[in-house]
Amino acid sequence: MSNQAKKDQTQELIKETAKNLFFVKGKFDATTQEIADEAGVNRTLINYYFRSRDKLIQIIFDEAQRVEQEKSKIIQNSDLPFKEKISKFIESSLSTSLQYPYLETYIVSQINKGTCHQREIEEDILNDMYKDIEKEMELGNIEKMAPVQFILNMVALLVFPSAIRPLFMENLLINDEEYDKIISERKEIIINMLFKN
């Protein structure tokens, strides 16, 4: 293996380790030393490749945002009927929640700290979505409400179970495997709560 390939591999290992600590284990305040220990590398390599913990966090946040944007593109760029678009978005979101249970919580925590922010949806796309929601309401497929309430309901049904995962697991005596099964079964439940038929 060439020196450059080895450097790239080490850099990717550090990044993946940080993502695992932040998004899978929910350890948002992991130190540079903890990331290095988990990756099995010297802490100075993190500064060598990323200049600082903050720079590494920004790279991780940007990748998290890309994951979220990919999910949003399902709604934005699809010509499928509205319910099918929402169904695919929910499926993608649940899949991401299984892979990275703390992703959304991490993004919100970084936005709340003021360290990272990036808008996911442009205003014209959001307005088009509101129009689609209103049309579905007029057709009787969705309960009448402000379109933003539909979006809040959908996001709450998707994100809340992951955001409170440790609390539910502890209080309901559920292990990780059981909780993953619960999350994976939510698609039809969410669809049935959002749509009348």
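In the predicted model, residue R51 lies in the loop that connects helix 3 (43–50) with helix 4. The backbone of R51 adopts a positive phi of about 75°, although R51 is not a glycine. With a relative accessibility of 65%, R51 counts as exposed, since exposed residues are those over 50%. A second residue with this backbone feature is L173, which is not a glycine and has a positive phi of about 55°. L173 belongs to the loop between helix 9 (165–171) and helix 10 (176–184). The relative accessible area of L173 is 75%, and L173 is therefore classed as exposed.

The overall architecture of the chain is considered next. The chain contains 11 helices and 0 strands, and its pattern along the sequence reads α-α-α-α-α-α-α-α-α-α-α. The C-alpha trace spans about 60 × 45 × 35 Å along its principal axes. Of the 197 residues in the chain, 40% count as buried. Among contacts between residues at least 6 apart in sequence, 66% join residues at least 24 apart. A separation across the model is given by N192 and Q11, which stand 181 residues apart along the chain and whose C-alpha atoms are separated by 44 Å. N192 is placed in helix 11 (residues 186–194) and is exposed, with a relative accessible area of 56%.

The packing of one helix pair was examined in detail. Two packed helices are described by the angle between their axes and by the distance between those axes. Helix 5 (residues 82–99) and helix 8 (residues 147–163) pack at an angle of about 20°, and their axes are 10 Å apart. Because of this angle, helix 5 is roughly parallel to helix 8, the cut-off for that description being an angle under 35 degrees. The crossing of helix 5 past helix 8 is right-handed. On the side of helix 5, the contact involves F82, I86, F89, I90, S93, L94 and S97, which meet F150, M154, L158 and S162 of helix 8. Sorted by class, the residues in this contact comprise 8 nonpolar and 3 polar residues, with no charged residues.

Charged side chains are paired elsewhere in the model, where the count of salt bridges comes to 11. Several of these pairings involve K15, a residue of helix 1. At 14% relative accessibility, K15 counts as buried, because the term applies to values under 20%. Apart from its neighbours within four places in sequence, K15 is in contact with F50, L56, I59, I60 and E63.

One partner of K15 is E12, and the side chains of the two residues meet in a salt bridge with an N to O distance of 3.5 Å. Both K15 and E12 lie in helix 1 (residues 3–24), where they are 3 residues apart, about one turn of the helix. E12 is partly exposed, with a relative accessible area of 36%. K15 also forms a salt bridge with E63, and the closest N and O atoms of this pair are 2.9 Å apart. This pair links distant parts of the chain, as K15 is in helix 1 and E63 is in helix 4 (residues 53–76), 48 residues apart. E63 is buried, with a relative accessible area of 15%. Salt bridges that share partners join E12, K15, E16, K19 and E63 into one network.

A further salt bridge is formed by K181 and E185, with the closest N and O atoms 2.5 Å apart. The relative accessible area of E185 is 40%, and E185 is therefore described as partly exposed.

Key: Residues are numbered from 1 along each chain as its sequence is written. This is a predicted model: local features need pLDDT of at least 70, side-chain atom pairs count only at pLDDT 80 or more; totals for chains, interfaces and linings use all residues. Side-chain values use heavy atoms; hydrogens and water are left out. Axes are lines fitted to C-alpha atoms, for helices over the stretch in contact, and angles run from 0 to 180 degrees between N-to-C directions. Helices (H or I, at least four residues) and strands (E, at least two) are DSSP runs, numbered from the N terminus. Angles under 35 degrees count as roughly parallel, over 145 as roughly antiparallel, 65 to 115 as roughly perpendicular and the rest as oblique. A crossing is left-handed if the near helix is turned anticlockwise from the far one by less than a right angle, and right-handed if clockwise. Contact means heavy atoms within 4.5 Å. Ala, Val, Leu, Ile, Met, Phe, Trp, Tyr, Cys and Pro count as nonpolar, Asp, Glu, Lys and Arg as charged, and the others, Gly among them, as polar. A salt bridge is a side-chain nitrogen of Lys or Arg within 4 Å of a carboxyl oxygen of Asp or Glu. Buried means under 20% relative accessible area, exposed over 50%, partly exposed in between (1.4 Å probe, protein chains only).
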